[in-house]
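Please consult the sequence and the model while working through them.

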Protein chains: 2
Amino acid sequence: MSEAVTDALASRLGYLLKHAQQRLVAAASPVMAPFGIDGRELTVLTALAAHSPLSQQEAADEMGIDRTTMVLLVDALEAKGLVERRRSHEDRRKNIVELTAAGRDCLRDAGRARDEVEREFLAPLGDTLSREFVRALRMLASQPGELP
Amino acid sequence: MSEAVTDALASRLGYLLKHAQQRLVAAASPVMAPFGIDGRELTVLTALAAHSPLSQQEAADEMGIDRTTMVLLVDALEAKGLVERRRSHEDRRKNIVELTAAGRDCLRDAGRARDEVEREFLAPLGDTLSREFVRALRMLASQPGELP
DNA sequence: TGCATATCGTCAGTTCTACTGATCATCATG
DNA sequence: CATGATGATCAGTAGAACTGACGATATGCA
């Protein structure tokens with residue numbers, strides 16, 4: 001990875017977003033590793049905890065990923081004992097995915113670790129710019145999307 | 001893609017960065033398509049124009065991507081007649097990569113198109129927040145990196 | 001009731017991106 | 001000239017995420 005962003009590329013939004021994300025992932029990976037999950041899996045746990053009960057499809061929509069990708073994510077999390085599948089009684093096509101006790105523990109501990117990584121990542125910006133940045137990013141990530 | 005970012009995920013930096021980038025790519029792709037190149041290729045053209053002459057290795061370092069990835073990128077751009085390889089006279093191991101006339105035209109036209117996409121993408125933020133956002137992003141993308 | 005259509009989860013296969021490791025040519029050093 | 005380093009290339013690999021198809025189930029309509 002290059003040390004500094006050169007002027008010519010510094011104004012290219014796509015380039016900046018991609019590299020900022022790469023740096024965050026690079027910083028987060030070693031911190032998350034001891035908990036046995038990665039950032040995407042923690043996001044699944046977060047979504048499940050916030051909106052339980054969710055079916056796989058609903059969780060996938062929530063995260064903006066494909067339902068087939070969610071199958072693999074839930075497979076992995078279930079293998080680790082962090083979530084459980086069960087058939088919905090109301091709609092037997094649906095798999096309700098729920099956190100196990102271990103999943104809740106993992107979410108709490110790994111969540112704290114990641115919060116700390118994010119704080120350090122944003123630290124160079126200072127408090128004010130940090131808040132502005134996250135506010136702006138939140139708006140951009142939820143821009144009026146193209147519906148199917 | 002989901003319509004809105006829910007509260008639980010709205011504070012997850014990795015999630016926000018990834019989805020903001022996805023939205024930008026989704027917005028840029030159709031606009032870039034008529035020019036026959038994608039965002040990454042335009043970034044290569046930009047880097048070459050700004051720092052010419054560059055070898056493939058130097059261009060790769062500039063962009064923070066792998067040298068083997070650059071081989072494929074230059075292959076594609078050369079096939080489109082936008083860049084040319086030539087052996088360096090000073091160091092015959094190096095391939096100097098240079099824009100062709102068509103490459104310069106493409107950079108100018110596609111660059112304008114992408115600038116416009118970026119403006120529209122940032123528009124919801126307003127002028128002030130836009131500038132703050134880009135400034136912050138620039139700092140985060142060039143954070144003190146881990147050197148090899 | 002019975003049939004058509006839609007939805008959910010799953011799987012196989014594909015695409016895209018980017019990496020590692022090996023190889024060959026070339027350079028630099030002693 | 002011998003040795004080790006560097007640049008470009010290629011083959012192979014890995015991960016993420018998609019498409020398309022399938023079986024099971026639900027829903028709507030005649």
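Q: Among contacts in chain A between residues at least 6 apart in sequence, what percentage join residues at least 24 apart?
A: The model considered here is predicted. Among the contacts of chain A between residues at least 6 apart in sequence, those that join residues at least 24 apart make up 49%.

Q: What percentage of the residues of chain A count as buried?
A: A residue is buried if 20 or more other C-beta atoms lie within 10 Å of its own. Among the 148 residues of chain A, the share that counts as buried is 34%.

Q: Is Ile96(A) buried or exposed?
A: Ile96(A) belongs to strand 3 of chain A, residues 95-99. Neighbours within four places in sequence aside, its contacts are Pro53(A), Ser55(A), Arg86(A) and Ser88(A). The threshold for a buried residue is 20 or more other C-beta atoms within 10 Å. Because Ile96(A) has 20 other C-beta atoms within 10 Å, Ile96(A) is buried.

Q: Which residues touch the most other members of the largest nonpolar core?
A: The largest nonpolar core has 71 residues. The core residues that touch the most other members are Ala59(A) and Ala59(B).

Q: How are helix 4 of chain A and helix 5 of chain A oriented to each other?
A: In this contact, Gln56(A), Gln57(A), Ala59(A) and Ala60(A) of helix 4 meet Arg67(A), Met70(A), Val71(A) and Val74(A) of helix 5. By class, the residues of the contact are five nonpolar, two polar and one charged. The axes of the two helices are 9 Å apart, and the packing angle is about 110°. Angles of 65 to 115 degrees count as roughly perpendicular, and therefore helix 4 and helix 5 of chain A are roughly perpendicular.

Q: Which element gives the most residues to the surface near DNA strand C?
A: DNA strand C is surrounded by 19 residues, the closest being Ser55(A), Gln57(A), Thr68(A), Asp66(B) and Arg92(B). Two or more residues each come from helix 4 of chain A, helix 5 of chain A and helix 5 of chain B. The element that gives the most, with four residues, is helix 5 of chain A.

Q: How many charged residues does the surface near DNA strand D have?
A: Around DNA strand D there are 19 residues, of which Asp66(A), Arg92(A), Ser55(B), Gln57(B) and Thr68(B) come nearest. The largest share of this surface, four residues, is supplied by helix 5 of chain B. By class, the surface near DNA strand D has three nonpolar residues, seven polar residues and, as charged residues, nine.

Technical notes: Residues numbered from 1 in each chain as written. Chains lettered and ligands numbered in written order. Predicted model: local features only at pLDDT ≥ 70, side-chain atom pairs only at ≥ 80, totals over all residues. Near = placed C-beta within 6 Å. Nonpolar A, V, L, I, M, F, W, Y, C, P; charged D, E, K, R; others polar. Buried ≥ 20, exposed ≤ 12 C-beta atoms within 10 Å, placed from the backbone. Contact = placed C-beta atoms within 7 Å. Core = buried A, V, L, I, M, F, W, Y, C linked by C-beta atoms within 7 Å. Axes fitted to C-alpha atoms, helices over the stretch in contact; angles between N-to-C directions. Parallel < 35°, antiparallel > 145°, perpendicular 65-115°, else oblique.
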